[in-house]
Amino acid sequence: MASNEALLPVTSRQDPLSESRSDQIPETRRRRPIKVHLAIYSGLLLIALYVALIVTHDGSTAQHGAKDETSTESRARLAGVSEKSNDRVSKLSDDRKVEAFAWNNTMLSWQRTAFHFQPEKNWMNDPNGPLFYKGWYHFFYQYNPNAAVWGDIVWGHAVSKDLIHWLYLPIAMVPDQWYDANGVWTGSATFLDDGSIVMLYTGSTDKFVQVQNLAYPEDPSDPLLLKWAKFSGNPVLVPPPGIGAKDFRDPTTAWKTSSGKWRITIGSKINRTGISLIYDTTDFKTYEKHDTLLHQVPNTGMWECVDFYPVSKTQVNGLDTSVNGPDIKHVIKASMDDTRIDHYAIGTYYDSNGTWVPDNPSIDVGISTALRYDYGKFYASKTFYDQNKGRRILWGWIGESDSEAADVQKGWSSVQGIPRTVVLDTRTRKNLVQWPVEEIKSLRLSSNKFDMTIGPGTVVPVDVGSATQLDIEAEFEIKTEDLKLFFDDDSVEADKKFSCETSGGSTARGALGPFGFSVLADESLSEQTPVYFYVTKGKHSKLKTVFCTDTSRSTMANDVVKPIYGSFVPVLKGEKLTMRILVDHSIVEGFAQGGRTCITSRVYPTKAIYGATKLFLFNNAIDATVTASFKVWQMNSAFIHPYSPDDLSVPSRT
Amino acid sequence: MMMMMTMVMVMVSEGSIIEQTCKETPDFNLCVSLLNSDPRGSSADTSGLALILIDKIKGLTTKTLNEINGLYKKRPELKRALDECSRRYKTILYADVPEAIEAISKGVPKFGEDGVIDAGVEASVCEGGFKGKSPLTSLTKSMQKISNVTRAIVRMLL
């Protein structure tokens, strides 16, 4: 699906050539209709003429095109069309000279992932109500049973013993009541004191009003939680006065207050201020709305999928949502409807009046420079407390970056990220740290270990056999003759001028970078996806490190979005540069410095597929030699399939 | 007297909702002419205006598909490009448009934005398939322009 990141050749912000060429053609044809008829009968001559025409158009009309581009662009800016979307547009200019491209089924079927959760077919979006119960991890998700685009939304359902090997179950909830007739939307689970489950979810009513509804397992003794019952008194919450009927969705997991009540928060907006409403309840059926908000940030737009949870300042385990105390910080996260970015901030929660204050207001929730779980394609994320292993686990929806025509042709759209543990970075205390769940290691098959020293400007093939399903863990050291190197551990990016996007991608060479891996590459590197570090000198001769994924050359296809993603990553004194990369067909997940900065990308090569996929190590730095010490595992498929009675005979760990 | 003044004020402000909205799009004239050509335009809110334009996208898609079908006989040498265009435009008709209508009606405009953007993408890809000798240029250009204008209006809902 071509999302907000999709191509915008149309306003000619990016490509004067395409615009101008289209302008020229009708005039040309009007002038020479007879010649066109003759040309049809001249086979080879015709082709030569076409080639000549294209070449001359490119040269002669560039001027004209450029003028058009400027005037259109400035009018668009004045007109206030969001420029945020510009950041995610990929340029078509190179691709216009490439042969026109059509997807075939071989290329498309390769794109399906082997060990990421995705339904058998059709569209998926937000993760819903994740929980652990009676030996099974449950995962629900926004699902369209009818098409490979968003619509007709129901709750899909799957279970797993280990968050990796999933079994598809029947659909859990459908829009069969007036209060969810137009959609059974996102929601969250809460465990009550007696261990029973309540589910709060948003329904779009028959009159298109967004309301909150209560549901619970029909049969609590069924470990698979196949059937769900909806509370007869639904909806339990309707948009309050002052809140728009369509600005009220995605209720959170509830947490206990010190007075013994349950508390939830729901994102919304007032004009352009993103807000989080707060409600108390004892029975999940009637609620008291606070007059104050949990939090609000001006100019951030609608807050979707709000999440609120405690993290320990001192320990690296997860905490139940109700935990509070002196060694605790609280995280607010929201999905920004406007920019499709998930932002979080760390702060202090005041239980007595249900408010929260950020530690650093300059990077408050939703501000463009605020921290993100992931600097790539990652949205509508949601955490849950895994009481089985004492972890807080993060799910994130990873949409497609291709065209909807391709999604329709291949019959599916979207995957989920690999579930990650989330903890506060106990060293910096200013950011979270995420890491793929340990259970993913069960997919590791054979491995190869490498120690390589590569000089400036080198690319080295890494022979691992098949390269479409990989787990790579690597350590890098830069060798330069002179300097003492001090890495900057400030997690706030001070130097706005240098970023992955503006640094020119992986081919722009600096003294100390970029260097890293090129994944999903073909032999000739005509298609490749570099995942890399770029180290520069910041202030006070401290080194700044950015971690990037450059998808701009990932495919010859001209109908996909190919951004350069990434961000600054804190590197503390004594730390080596480390990265981990999970490659799984059309998804690449990169983790730097143990998960301080994460980047998820969607990649759609046309040549670097099946046996032709290769892995390379590269060092594009001008001065520095880099030593890389790394291990590459082949990853098995998770063989996600519909559950059958045979699966039930697997012994439970509880 | 007060009633007359109120009526005049209401009339003036009604006429300019379309104009106010269209000023915030990349093609004011196109926007105004499309919205004025629909009887619902004068009383529609922003969602309503977006839905009118999505209707226009739908109409243009059907028109283009008809044109594509006619071209198979007239320009048989263009079959491959026409096949790709047919696929792309059917995506607009059967995937993008229904997605956008549902999303905007239900108040989750971001999926509407996705559908509208994609309509422009599919038109571009179709156009590009002719490698500079397209018989559909004015239709694909129209789609790109309408897609841009519609997207700007949908973004006002976010």
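**Helix, strand and salt-bridge contacts**

Reader: Which residues is Arg88(B) in contact with, leaving aside its neighbours within four places in sequence?
Author: Contact means heavy atoms within 4.5 Å. Arg88(B) lies in helix α4 of chain B, where helices (H or I, at least four residues) and strands (E, at least two) are DSSP runs numbered from the N terminus. With neighbours within four places set aside, the partners of Arg88(B) are Trp103(A), Ser403(A), Ala405(A), Asp559(A), Glu122(B) and Val125(B).

Reader: At what pLDDT do side-chain atom pairs count?
Author: Residues are numbered from 1 along each chain as its sequence is written, while chains are lettered from A and ligands numbered from 1 in the order in which they are written. Side-chain values use heavy atoms, leaving out hydrogens and water, and in this predicted model totals for chains, interfaces and linings use all residues, local features need pLDDT of at least 70, and side-chain atom pairs count only at pLDDT 80 or more.

Reader: Is Arg88(B) buried or exposed?
Author: Buried means under 20% relative accessible area, exposed over 50%, and partly exposed in between (1.4 Å probe, protein chains only). The relative accessibility of Arg88(B) is 1%, so Arg88(B) counts as buried.

Reader: How do α4(B) and α5(B) run relative to each other?
Author: Axes are lines fitted to C-alpha atoms, for helices over the stretch in contact, and angles run from 0 to 180 degrees between N-to-C directions. The axes of α4(B) (residues 79-106) and α5(B) come within 8 Å and cross at roughly 165°. Angles under 35 degrees count as roughly parallel, over 145 as roughly antiparallel, 65 to 115 as roughly perpendicular and the rest as oblique. The crossing angle therefore makes α4(B) and α5(B) roughly antiparallel.

Reader: Is the crossing of α4(B) and α5(B) left-handed or right-handed?
Author: A crossing is left-handed if the near helix is turned anticlockwise from the far one by less than a right angle, and right-handed if clockwise. Residues that meet here include Ala100(B) and Ala103(B) of α4(B), and Gly112(B) and Gly115(B) of α5(B). The crossing is left-handed.

Reader: Which residue of chain A forms a salt bridge with Asp114(B)?
Author: A salt bridge is a side-chain nitrogen of Lys or Arg within 4 Å of a carboxyl oxygen of Asp or Glu. Asp114(B) sits in α5(B) (residues 109-128), and its partner in the loop between β15 (328-336) and β16 (341-350) of chain A. Both residues are buried. With the closest N and O atoms 3.1 Å apart, the partner is Arg340(A).

Reader: How many residues apart in sequence are the parts that Arg391(A) and Glu439(A) tie together?
Author: The side chains of Arg391(A) and Glu439(A) form a salt bridge of 2.9 Å, N to O, and both residues are buried. Arg391(A) lies in strand β20 (residues 391-398) and Glu439(A) in the loop between β24 (432-436) and β25 (444-454), so the parts tied together are apart by 48 residues.

Reader: How many residues of β7(A) are buried?
Author: β7(A) also pairs with β8(A) (residues 228-230), antiparallel over three bridges, and Ala215(A) has Lys230(A) as its bridge partner there. β7(A) spans residues 210-217 and is mostly covered, the buried count among its eight residues being seven.

Key: Pairing = 2+ DSSP bridges.
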